[in-house]
Number of protein chains: 2
Amino acid sequence: MAERASESEMQVLSALWDESPQTAADLAETVGTANGWTLATVKTLLARLVQKGAVTAEAEGRRYRYRPAVDRADAVGDESQRFVDRLFGGRVSPLIAHLAEREALSDTDIAEIEALLRRLKS
Amino acid sequence: MAERASESEMQVLSALWDESPQTAADLAETVGTANGWTLATVKTLLARLVQKGAVTAEAEGRRYRYRPAVDRADAVGDESQRFVDRLFGGRVSPLIAHLAEREALSDTDIAEIEALLRRLKS
DNA sequence: GCCGATTGACTACATCTGTAGTCGTATTGC
DNA sequence: GCAATACGACTACAGATGTAGTCAATCGGC
């Protein structure tokens, strides 16, 4: 259970991590419109997430309320690991270096990361 | 051209970034065995990479020597951006936080990241 | 010069993914 | 009560992906 979610599915799952439960219509409005998906598409993604065991559907009257069934930290951690393995041979600093070069790091990001590192070293 | 490489394709491309040119047989021996792929599979991945314009094939006698045709920094940067967008809403520090929590950061990583940040701030 | 090994070209095929559409039913506004 | 609508179940379908196999040509060793 809890097979990997595809990229699109991950967007939906992400929205559920941010707020849950949500209905298909809710998600269509937020994630759907953000990605240019119709309600039908969002429903399909939800169905697949449920089938993969990444999301649970709880009946509320005639409709369902969806909730994440996997832990965000776990899922995100797994993905991150795969990602750094795949592109950086498991090394994290080259990733940071790339993000920095691409100016993908805001001042806030930098400050936050520094704070994190301080905590890590203590 | 230069469409996105799939995960498996990326492994091959990555090997070419590390060393090039290489033949299909070379790659099968390294990336192939590392992933449990046969020579045939590696050849397919190479063909797809060439078709996508991510790798060039230069004939050397009866065989080809493959070289990356896309810049590593560019490709990796794009992937990284997509990745942080997808899982962290574009914010980098949560990614670092997760990696840190998973103890995926070595002391060396931390030191390197700090050095990077110092450079960024100057 | 012949034979086995090598190599690219082409083909195969199940599954996953992205992106919906249809349909029957239940619900709700009037 | 009936019509419009909302909802889930099921179906559709092309393209991407993972994973290889076949085949014909060729090269290298004997």
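The structure is a predicted model, in which chain A has a mean pLDDT of 86, with 94% of its residues reaching 70 or more. Four salt bridges are counted between chain A and chain B, and the structure also holds three aromatic pairs over all chains.

**Confidence in chain A**

- Within chain A, the confidence is highest in helix 3 (residues 39–51), at a mean of 96, and lowest in helix 5 (residues 93–101), where the mean is 75.
- Where pLDDT is low, predicted coordinates should not be read in detail.

**Salt bridges within chain B**

- The side chains of B:E79 and B:R4 form a salt bridge, with N and O 2.5 Å apart. Because B:E79 belongs to helix 4 of chain B and B:R4 to the segment before helix 1 of chain B, this pair ties together parts that are 75 residues apart in sequence.
- Another salt bridge joins the side chains of B:R72 and B:D18, at 3.2 Å from N to O. The pair links distant parts of the chain, with B:R72 in helix 4 of chain B and B:D18 in helix 1 of chain B, 54 residues apart.
- Of these two residues, B:R72 is partly exposed at 29% relative accessibility, while B:D18 is exposed, with a relative accessible area of 60%.
- B:R63 and B:E60 also form a salt bridge, in which the closest N and O atoms are 3.8 Å apart, and B:E60 counts as partly exposed at 36% relative accessibility.

**The interface between chains A and B**

- In the interface, 41 residues of chain A are in contact with 40 residues of chain B, and the area buried between the chains is about 4100 Å², of which carbon and sulfur atoms give 64%.
- B:R4, already described as a partner of B:E79, also forms a salt bridge across to A:E7, where the closest N and O atoms are 3.2 Å apart.
- A network of salt bridges links A:R4, A:E79, A:R82 and B:E7.
- A:E114, which is found in helix 6 (residues 107–121) of chain A, counts as buried at 19% relative accessibility; leaving aside residues up to four places away in sequence, A:E114 touches B:L117 and B:K121.

**An aromatic pair between the chains**

- Among the three aromatic pairs is the one formed by A:F83 and B:F83, whose ring centres are 4.0 Å apart and whose planes are at 0°, so the pair is stacked. This pair crosses between chains, from helix 4 (residues 72–88) of chain A to helix 4 (residues 72–88) of chain B.
- A:F83 is buried at 2% relative accessibility, and B:F83 is likewise buried, with a relative accessible area of 2%.

**Helix 2 of chain B**

- The buried residues of helix 2 (residues 24–35) of chain B are B:A24, B:L27, B:A28, B:V31 and B:G32. Seen down the helix axis, these buried residues fall within an arc of 115°, so they line one face of the helix.
- In chain B, the buried residues of helix 2 pack against helix 1 (7–18), helix 3 (39–51) and strand 2 (63–68), whereas the face turned away from the buried side carries the exposed residues B:E29, B:T33 and B:A34.
- Helix 2 of chain B is followed by B:G36, which has a positive phi, near 70°.

Definitions and conventions:
Residues are numbered from 1 along each chain as its sequence is written. Chains are lettered from A and ligands numbered from 1 in the order in which they are written. This is a predicted model: local features need pLDDT of at least 70, side-chain atom pairs count only at pLDDT 80 or more; totals for chains, interfaces and linings use all residues. Side-chain values use heavy atoms; hydrogens and water are left out. pLDDT is the predictor's confidence in each residue, from 0 to 100. Helices (H or I, at least four residues) and strands (E, at least two) are DSSP runs, numbered from the N terminus. Rings of Phe, Tyr and Trp (its six-membered ring) pair if their centres lie within 6.5 Å; planes under 30 degrees apart count as stacked, over 60 as edge-to-face and the rest as tilted. Buried means under 20% relative accessible area, exposed over 50%, partly exposed in between (1.4 Å probe, protein chains only). The arc is that of the directions from the helix axis to the C-beta atoms. Contact means heavy atoms within 4.5 Å. Buried area is the accessible area (1.4 Å probe) that two parts lose on being put together, summed over both.
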